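Good morning, and thank you for coming.

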Amino acid sequence: MQQRHTDRGLYFHELATTCKNYFIPYIQKWHNVDAETAVLEIGCGEGGNLLPFAEIGCSTTGVDIAARRIKEAQHFFNACKAEGKFIAEDIFKLKDLENSYDLIICHDVIEHIDDKDLFMSKIGNYLKADGVVFMSFPAWQMPFGGHQQISKNKILSHLPFVHLLPTSFYKALIKLFGEDEGNTKELLAIKRTGITIERFEKIINHTNLSIKHRELWFINPHYKTKFGLTPRKLPRLFSNIPYFRNYLTSSCFYILSR
């Protein structure tokens, strides 16, 4: 397990750096971001992605079902003297927020959702008519698409592609490396809920959203902050090959509109 998974302050600031340097510039190609922008992050965790927006002067709202993460977000924002509203709740119970946002962020969340069709069919309801969604997630088959980096065992946390093993073998491997019940449950859950590029785009075709742009990354921009690696987009030759591209895509960026 990496330090950022136990030091949430470090994780908060890493996300803020990546958002400022990569997410916002990408979003600004498709939607203006300024002090008038109302931003909602679904699955905001500690709120790191929202800090750069708050610093610009945007009205920021973070929603996460985990109350502990919301408390951390409030703490980190207070420490940074930033303004933001944070709510511990299932977003779809907050009907009063519908049609309220210029921009919705959903970063590394969809791969954890069980009912992706239902989630994507409702997310657009929170946008203003001309608003957009920034969606990002790792392709399931990429080397660490199983989030095995959260493993406490250093060997398991550095083993690529092991999440692609049949479930029974994968579960036995996790047990062999001595992972606790909590990590075992989380690793098996992401194996159940991981998503491919093709499945995501098929889901979008059955919602009130459309894809304005897609950017596939061979080296995830967040790896610049985490590991000092230079971000690299997936070459167009590979990004246009269905299924195979999932093995090479460490992060998928999408701009969606109603």
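I shall discuss helices, then aromatic pairs, then single residues. Please keep in mind that this is a predicted model.

Let us begin with helix α8, which spans residues 197-204. This helix is mostly covered, since six of its eight residues are buried. The buried residues are Ile197, Glu198, Phe200, Glu201, Ile203 and Ile204. What do the buried residues of α8 pack against? They pack against α4, which covers residues 116-123, against β5, residues 127-137, and against β6 and β8.

Helix α4 deserves a moment of its own. Its residues Lys116, Phe119, Met120 and Ile123 are buried. These four cover an arc of only 90 degrees around the axis, and therefore they sit on the same side of α4. The cover over the buried residues of α4 includes β1 (38-42), β4 (101-107), β5, α7 (181-193), α8 and β8.

I turn now to the aromatic residues. How many aromatic pairs does a search of the whole structure find? The search finds 16 aromatic pairs. One of them joins Phe200 and Tyr254: the ring centres are 4.7 Å apart and the planes stand at 50 degrees, so this pair is classed as tilted. Planes under 30 degrees apart would count as stacked and those over 60 as edge-to-face, which is why an angle between these limits is called tilted. The two partners come from distant parts of the chain, with Phe200 in helix α8 and Tyr254 in strand β8 (residues 251-257), 54 residues apart. Are these two residues buried or exposed? Phe200 has a relative accessible area of 0%, so it is buried. Tyr254 also counts as buried, because its relative accessibility is 0%.

Strand β8 contributes to another pair as well. Trp217 and Phe253 form a tilted aromatic pair, with 5.6 Å from centre to centre and 55 degrees between the planes. This pair, too, links distant parts of the chain: Trp217 belongs to strand β6 (residues 210-219) and Phe253 to strand β8, 36 residues apart. Both Trp217 and Phe253 are buried. They are also members of one aromatic cluster, together with Phe23, Tyr26 and Phe134.

Let us stay with strand β8 for one further residue, Ser257. Its relative accessibility is 13%, so Ser257 counts as buried; the cut-off for that word is under 20%. Setting aside neighbours within four places in sequence, Ser257 is in contact with Gly131, Val132, Asn208, Leu209, Ser210 and Lys212.

A further buried residue lies in another helix. Leu156 is placed in helix α5, residues 154-157. Because its relative accessibility is 0%, Leu156 counts as buried. Apart from residues up to four places away in sequence, Leu156 touches Gln148, Ser151, Val162, Leu173, Ile174, Phe177 and Glu179. From C-alpha to C-alpha, Leu156 and Gly178 are 9.7 Å apart in space, while 22 residues separate them in sequence.

Finally, we come to the surface. Which residues form a nonpolar patch there? They are Phe161, Leu164, Leu237, Phe238, Ile241, Phe244 and Tyr247, and together they have about 620 Å² of accessible area. Leu237, one member of this patch, is found in helix α10 (residues 236-239). With a relative accessible area of 62%, Leu237 is exposed, because that word applies over 50%.

Thank you for your attention.

Methods
Residues numbered from 1 in each chain as written. Predicted model: local features only at pLDDT ≥ 70, side-chain atom pairs only at ≥ 80, totals over all residues. Heavy atoms only, no water. Helix = DSSP H or I, 4+ residues; strand = E, 2+ residues; numbered from the N terminus. Buried < 20%, exposed > 50% of the residue type's maximum accessible area, 1.4 Å probe, protein only. Contact = heavy atoms within 4.5 Å. Phe/Tyr/Trp six-rings, centres within 6.5 Å; stacked < 30°, edge-to-face > 60°. Patch = residues over 30% accessible without salt bridge, like charges linked within 9 Å, V, L, I, M, F, W, Y side chains within 5 Å. Areas by Shrake-Rupley, 256 points an atom, 1.4 Å probe, with all protein chains shown as cover. Salt bridge = Lys/Arg side-chain N within 4 Å of Asp/Glu carboxyl O. Arc of directions from axis to C-beta.
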